[in-house]
Amino acid sequence: MSFLNLWWAAGIAAIVVPVLLILYFLKLRRREQLVSSTLLWKRAVQDLQVNVPFQRLRKNLLLFLQLLILAAAILALARPIIHTELADQARVVILIDRSASMNAREGEETRLDQAKEEAVRLVRSLNRPLGRWWSLLSFGQSKPQTQVMVIAFADRATVVSPFTTNTGQLVDLIRRIEPTDGQTDLSEALELAQAYMASAGPGGTETEAAAAGPEFPAKLILISDGKLPRVGKTVSAGSTLELIRVGRAQDNVGITALRAQRSYERPENVDVLLTVRNFGPRPIETDLSVYLDGTIRSVRTLRLAQAGPVGAEPPRSSDESPALADTQSLGFSLPLDRAAVVEARLSRRDALSVDNSAFAVIPPPRKLRVLVVSDGRYPFFGSVIRALPLEEFPFVTPAEYEKRRSEYSVDGQSAFDVVVFDKYSPDRLPAGNYLFLGAVPNVEGIQIGPASQNHGLVWWDETHPVLRHAALEYVYVAESRTVTLPPRAQVLAEGPDGPVLFRYAVDGRQYLVLTFAVESSTWWSKLSFVIFMYNAIRYLGGSESEIQPDLLRPGATLRIPVPPASAKVKLFRPDGAKVTLVPDSSGLAYYGGTERVGLYRVEGGLPGRDRFAVNLVDESESDIAPPTAPLVLDHRQVRELASSRTATPEVWRWFIGAALLLVLLEWWIYNRRVMI
Amino acid sequence: MATTPLEKRSPDQELLSPEFMTRLERLEILSRKIFVGHMKGERRSKRKGQSVEFADYRNYVVGDDLRFLDWNIYARLERPLLKLYLEEEDLNVTILIDVSKSMDWGDPHKGLYVRRVAAALAYIGLVNYDRVNLYAYSDTLSHEMRGVRGRRLTSQVIQFLESIPYQGRSNLAAVAKRFAVRHVGKGVVVVLSDFLDKGGYADGIRYLLSRDLDLYLVQTLCPEELDPPLAGDLKLRDVEDDDLAEVTISKPLLDRYRSNLQAYCTGLRDYCVRRGITYLFTSTRVGFDVLVMAYLRQRGLLR
């Protein structure tokens with residue numbers, strides 16, 4: 001036990017105790033009262049004095065008790081604290097959850113605010129400044145200070161502060177933790193914490209590094225709402241993880257899925273599909289509005305039942321009323337002949353507002369312009385191109401292409417969305433997107449080797465958009481060119497002697513290269529070739545946003561295509577902040593700071609691909625009801641700490657309670673006392 | 001603590017109301033002993049004398065009045081026997097009233113209460129042609145009114161009772177000694193006091209007993225004495241002798257006071273019972289008419 005205010009209390013004691021003693025030796029002034037006879041009074045007094053032993057002691061006993069009361073009160077003023085086992089830890093890591101569910105409002109503040117306050121309270125209670133006098137008392141063995149590290153995590157973990165003992169700085173840094181709309185992923189935070197625990201961390205000295213070895217493991221304190229869906233990690237041996245749970249709100253309705261895309265058959269229509277789910281304990285009714293570029297286009301009223309247990313069937317209803325489920329899926333079809341942002345919004349206010357709206361970016365209905373450079377000897381190739389939904393697709397021979405080269409480029413950029421070269425490779429190319437079939441572009445870094453004959457395909461990347469739904473199992477190649485690729489090239493398919501299909505982006509030019517001629521393989525006769533052509537044209541033509549997942553999750557990296565001419569673009573975040581991005585050599589700018597949900601707008605980007613919607617659409621984050629089951633980490637239950645617990649609790653209440661008990665005792669004794 | 005001058009008493013403080021007096025007329029004072037009276041009265045006397053009630057026979061001796069010879073006996077037995085009749089005489093009723101300063105106390109007032117009881121007893125005595133003697137005492141017999149007889153003196157008795165001031169401290173022993181010397185005649189003696197006497201009550205009662213009187217003690221205490229409404233650190237001052245007692249009122253002390261008071265009263269009662277004295281305790285809260293009409297009749301003083 002230590003005291004925070006010892007000097008102050010000592011000063012008060014120095015004043016109060018002598019005053020009490022002086023008062024005690026002053027004679028009691030009695031009120032005079034007439035009575036008819038003192039006969040019986042004197043007798044009663046004498047009787048009592050004779051009957052009670054230790055009569056002399058009693059006066060002193062009262063003084064003694066009063067001194068005890070004073071001592072207890074003054075010790076309470078000295079703010080006594082006790083050191084718990086937590087305060088004796090050499091290292092404490094505080095993990096603060098700042099995922100989307102922590103944005104749920106609990107009254108006036110959010111869960112994250114509560115978590116931050118818990119962390120601040122904890123940090124303040126560690127390394128309390130004690131009086132110098134006290135450290136003299138402990139015979140020079142000053143208690144080793146507790147090193148505190150703070151990590152904030154959502155889907156990614158960030159070190160808020162490395163190990164330090166500077167409480168003020170820690171409090172300041174904790175207060176500055178910003179909320180995110182990310183998912184919860186504890187494992188990265190644990191990895192980060194253990195990385196720091198293994199080393200001394202920046203700022204640690206050699207001796208601290210030695211002390212932080214396995215024999216001095218840290219205590220990890222997780223402050224979260226307990227919604228931790230992905231816990232596969234464990235803490236290292238010797239370290240312990242404890243949970244401080246915050247948050248009690250349950251009421252939330254969220255959009256858990258949103259998909260908006262142009263229908264392929266009628267590109268001027270947009271299909272919006274969404275799923276709304278009630279996570280709250282009561283049935284609700286809410287309006288769902290769909291906005292196009294901020295203009296309301298459709299409203300529907302939803303009635304959702306209260307959240308059932310996970311995986312439970314919706315309750316069977318009686319015949320009259322249709323059964324209410326806690327989940328409802330809706331579809332809207334809206335005419336839209338331009339690029340727009342679709343926003344779905346729930347009108348009801350609930351604890352978590354992040355999932356009450358969802359955005360989707362709809363590109364303009366656009367058909368591609370494709371230039372095909374081919375000698376035209378193989379009519380099936382032309383028929384494949386013709387079958388694609390394209391704006392225009394002029395066929396030219398290589399000779400015509402060379403002759404009219406200047407017409408095909410505008411300001412150093414290709415006038416067509418995609419240029420297909422069939423068994424032909426020009427010397428120079430303007431910036432643009434190119435599909436090479438049976439030819440290799442003349443680009444620095446790509447070396448053409450000897451021919452490879454009569455082989456099948458060994459491996460291909462089925463997940464790449466270009467090869468999606470394209471089965472290459474029975475493709476045999478009569479002759480292909482072996483190539484050596486620069487490291488940044490992306491291989492999409494490989495034959496026995498190396499890559500046969502690859503993607504390479506450099507200097508604002510994007511190449512998709514097939515190293516064998518289609519007619520020298522069996523591929524031309526297969527359906528997968530048509531699919532490949534369709535995918536490749538769409539991919540190169542920039543409409544891959546329809547192939548890409550529509551919905552970006554918070555924390556996802558934005559890949560922003562930049563016009564080849566511009567050196568930088570400006571990105572406007574949903575909160576209004578402006579970020580300037582510089583594209584890399586492949587003409588893409590990357591942005592990873594998408595912690596918040598909303599619409600990210602690019603100024604100076606490619607038209608139709610300059611807006612990005614980041615949505616929560618995550619059931620586990622929207623389900624903000626505190627879990628009833630204890631948190632289990634690596635098959636072990638995580639101990640929960642009481643939320644108000646601190647490392648060095650103040651115990652002045654005990655002293656005040658003792659003082660009150662003593663007052664009662666003193667009053668009792670006083671009442672039994674008789675003095676003449 | 002009523003210190004109202006006696007003259008200014010309101011009608012409800014008058015000693016006897018006419019209604020109560022009519023009720024009192026039906027009563028008479030009894031004595032368990034038969035005493036020799038002074039004058040012809042309405043009470044049986046020890047003396048044989050002239051009345052209608054037969055008492056005894058005795059042998060004729062020379063000089064006896066021949067009128068009282070029973071001639072019927074003489075005819076039968078041929079012996080002269082004298083027929084004796086009971087004599088009826090008056091009764092000495094003596095009332096001793098404590099008027100020390102401690103009686104000027106309490107609500108209801110002890111002194112007034114005691115005077116009322118005295119007035120009632122005196123009135124009963126006067127109505128029945130008894131000799132009524134009134135003494136007021138504190139440390140001495142300060143006021144007295146002796147030998148009053150006949151109901152026409154009622155107003156004088158009440159005037160006397162109203163005129164006695166409170167003074168001095170009570171000293172029953174000295175007063176009883178003096179009373180025993182001065183008081184002639186026997187009869188009923190009623191002492192009205194609080195018996196809170198620093199000198200003790202035993203000596204005084206012994207002096208009274210020595211005269212073979214029919215003794216009644218009525219101890220009157222006020223509610224303030226039975227259940228003191230006191231609190232805090234006090235310096236208690238005795239109204240009689242300015243004696244001081246410093247007390248800190250507490251529950252144990254109050255309990256001790258009450259048990260002491262109880263023991264004091266019980267001691268007085270036991271002392272009286274052992275000596276054939278009728279003891280009666282009353283609080284001034286008990287109406288004095290109740291005391292007179294019920295309690296004193298139960299104790300045999302009144303009929």
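In β33(A), Thr580(A) is the bridge partner of Lys570(A), and that pair makes a handy way into this predicted model. The two strands involved, β32 (residues 569–572) of chain A and β33(A), pair in the antiparallel sense over four bridges. They belong to an open sheet of four strands, which runs in the order β33-β32-β35-β36 (chain A) with antiparallel pairing. At the edges stand β33 (578–581) and β36 (611–614) of chain A; each has a single partner strand, so one side of each is left without a neighbour in the sheet. From one strand to the next, the twist averages 25°.

Next comes the meeting of the two chains. Here 25 residues of chain A are in contact with 29 residues of chain B. On the chain A side, β2 (31–35), α2 (39–51) and α13 (652–672) each supply at least two of the residues that touch chain B. The largest share, nine residues, comes from α2(A). For the complex, the predictor gives an ipTM of 0.78 and a pTM of 0.51.

Two packed helices are described by the angle between their axes and the distance between the axes. For helix α5 (residues 172–182) of chain B and helix α6 (residues 202–209) of chain B, the angle is about 10° and the axes are 7 Å apart. Angles under 35 degrees count as roughly parallel, and α5(B) and α6(B) are therefore roughly parallel to each other. From α5(B), the contact draws on Leu172(B), Ala173(B), Val175(B), Ala176(B), Lys177(B) and Ala180(B), while α6(B) brings in Asp203(B), Gly204(B), Tyr207(B) and Leu208(B). Between them, the residues of this contact divide into seven nonpolar, one polar and two charged.

A few spots in the backbone deserve a look of their own. Most residues other than glycine have a negative phi, and most peptide bonds are trans. Asp293(A), though, has a positive phi, near 50°, and is not a glycine. Asp293(A) sits in the loop between β13 (284–292) and β14 (295–304) of chain A, and is partly exposed, with 13 other C-beta atoms within 10 Å. Over in chain B, Tyr129(B) is another non-glycine residue with a positive phi, this one about 60°. Its place is in the loop between α3 and β4 (131–137) of chain B, where Tyr129(B) counts as partly exposed, with 19 C-beta neighbours inside 10 Å. As for peptide bonds, the one from Asp107(B) to Pro108(B) is cis, with omega near 5°. Pro108(B) is found in the loop between β3 (92–98) and α3 (110–127) of chain B.

Finally, a word on confidence in chain B. Its mean pLDDT is 84, and 89% of its residues reach 70 or more. Among the elements of chain B, strand β10 (residues 278–283) has the highest mean pLDDT (92), and strand β1 (residues 40–59) the lowest (70). Over residues 1–9 of chain B, pLDDT stays under 50, and the model has eight contacts beyond four places in sequence for this stretch. Where pLDDT is low, the predicted coordinates should not be read in detail.

Definitions and conventions: Residues are numbered from 1 along each chain as its sequence is written. Chains are lettered from A and ligands numbered from 1 in the order in which they are written. This is a predicted model: local features need pLDDT of at least 70, side-chain atom pairs count only at pLDDT 80 or more; totals for chains, interfaces and linings use all residues. Axes are lines fitted to C-alpha atoms, for helices over the stretch in contact, and angles run from 0 to 180 degrees between N-to-C directions. Angles under 35 degrees count as roughly parallel, over 145 as roughly antiparallel, 65 to 115 as roughly perpendicular and the rest as oblique. Two residues are in contact if their C-beta atoms, placed from the backbone, lie within 7 Å. Ala, Val, Leu, Ile, Met, Phe, Trp, Tyr, Cys and Pro count as nonpolar, Asp, Glu, Lys and Arg as charged, and the others, Gly among them, as polar. A residue is buried if 20 or more other C-beta atoms lie within 10 Å of its own, exposed if 12 or fewer, and partly exposed in between; C-beta atoms are placed from the backbone. pLDDT is the predictor's confidence in each residue, from 0 to 100. Two strands pair if DSSP finds at least two bridges between them.
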